[in-house]
Amino acid sequence: MQIEILPNLDAVAAEQWNALVQDNNPFLRHEFLAALEHHGCVGEEFGWLPRHIVVYEDGVLVAAMPLYEKYNTYGEFVFDHAWAQAYEREGMKYFPKLVSAIPYTPASGQRLLAQAGREAELFPYLLSAVMQVAEALQCSSFHCLFSPTEQLEWLAAQGLTVRHDCQFHWRNADYHSFDDFLAALTSKKRKNIKQERRKVADAGVSLRLLDGNTATADDWARFAFFYQHTFESKWGIPTMNVGFFHEMAAALGEQVFLILADNREGECIAGSLMFASATRLYGRHWGCTQDIDSLHFEACYYQGIEHCIRHGLQVFEPGAQGEHKIPRGFIPTLTRSAHWLREATFRQAVARHAEYEKGSVADYMRSASEHLPYREP
């Protein structure tokens, strides 16, 4: 086995990297991750330094991990600010740390990539390489975010601490149409959704449903403006740019789902961006310049649900947080992450805290589930 640490993804062949990606996950594809690097969305400016791990056998890529050296907690969606503050109080350095995640993307997917059927053999190479990088860079910790159950269980068996959190996902019960989905809801919730959709139509808003092949350069320039406007108005940091959107869309084609909203005067006033794998839809970004009642729900949720039904996608992950998603058909869903800290004392404290969190998350999910909009079977 030959193991390498890459400062950029262009150092590995796209076809070899993509051959390890399951479910055609758009965020794990070489094209998406490399586009982030090409357009400065990751790097020193934003504190995401690529340190990708690749494992070759006889010149063939057999395992890999997207990995970043981090100097902040931004764009991870698994919050460890308190841990960083605790280190600071003790006069210790929390940064740099190592994070295996998709930058700025709280979506589920592989983090340990390996040839199918060889996971038990190859995963130890990846984790060993992570620990060697952590030693070489004097990183405080390693964090593996939003990885699937089987990978979390393997990491837990290696001694990593698992944290629990909650998102709200929509699940396709083999619906044939949006009306079919509505029929599964209680009368009140069904009526509310119809009213919200009617408000958008009555406001004279028309929607354009585009993908990476049909969206024009002007469309992406407009969406990039919405994206930047949203982050700046909420005191966030807009890390992505029109160059990234352009390159990513051209590479991913029909995996990209862009909804643009035009007002009565034909002015483009809002946009929503989603991505599809073979089985899932992922909602990512939204922005607008005109406040239209319920337009956010239409562009970010209802169009996504309709897209899933049309294309037979099984799960819709609309992003992090948001109890307002429950009455619109999204259900509490457990998300998990795995963490290793070099300092033994902090490792034990984090493990105790994570155990407490598990109970709190379980209570929250039980409480949220009491408000689901679905009719009793």
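Which residue lies over the face of Phe 297? In this predicted model, Arg 328 takes that place, at 3.6 Å from the ring centre.

Another pair, formed by Trp 220 and Phe 223, is edge-to-face, at 6.2 Å centre to centre and 90° between the planes. These two residues lie in helix 8 (residues 217–233), 3 residues apart, about one turn of the helix. Trp 220 counts as buried because its relative accessibility is 1%, and Phe 223 is buried with a relative accessible area of 0%. Both belong to one aromatic cluster whose members include Phe 27, Tyr 227, Phe 245 and Tyr 282.

Helix 8 also holds Asp 219, which counts as buried because its relative accessibility of 8% falls under the 20% cut-off. Beyond its neighbours within four places in sequence, Asp 219 is in contact with Arg 208, Leu 210, Thr 214, Leu 258 and Leu 260.

Turning to the strands, strand 8 (residues 141–145) has 5 of its 5 residues buried; Ser 141, His 143 and Leu 145 point one way, and Phe 142 and Cys 144 the other. Strand 8 pairs in the parallel sense with strand 6 (residues 97–100) over 3 bridges, His 143 being the bridge partner of Val 99. With strand 15 (residues 331–341) strand 8 runs antiparallel, joined by 5 bridges, and there Trp 340 is the bridge partner of Phe 142.

Terms used. Residues numbered from 1 in each chain as written. Predicted model: local features only at pLDDT ≥ 70, side-chain atom pairs only at ≥ 80, totals over all residues. Heavy atoms only, no water. Buried < 20%, exposed > 50% of the residue type's maximum accessible area, 1.4 Å probe, protein only. Helix = DSSP H or I, 4+ residues; strand = E, 2+ residues; numbered from the N terminus. Pairing = 2+ DSSP bridges. Contact = heavy atoms within 4.5 Å. Phe/Tyr/Trp six-rings, centres within 6.5 Å; stacked < 30°, edge-to-face > 60°. Lys NZ or Arg CZ within 6 Å of the ring centre and 35° of its normal.
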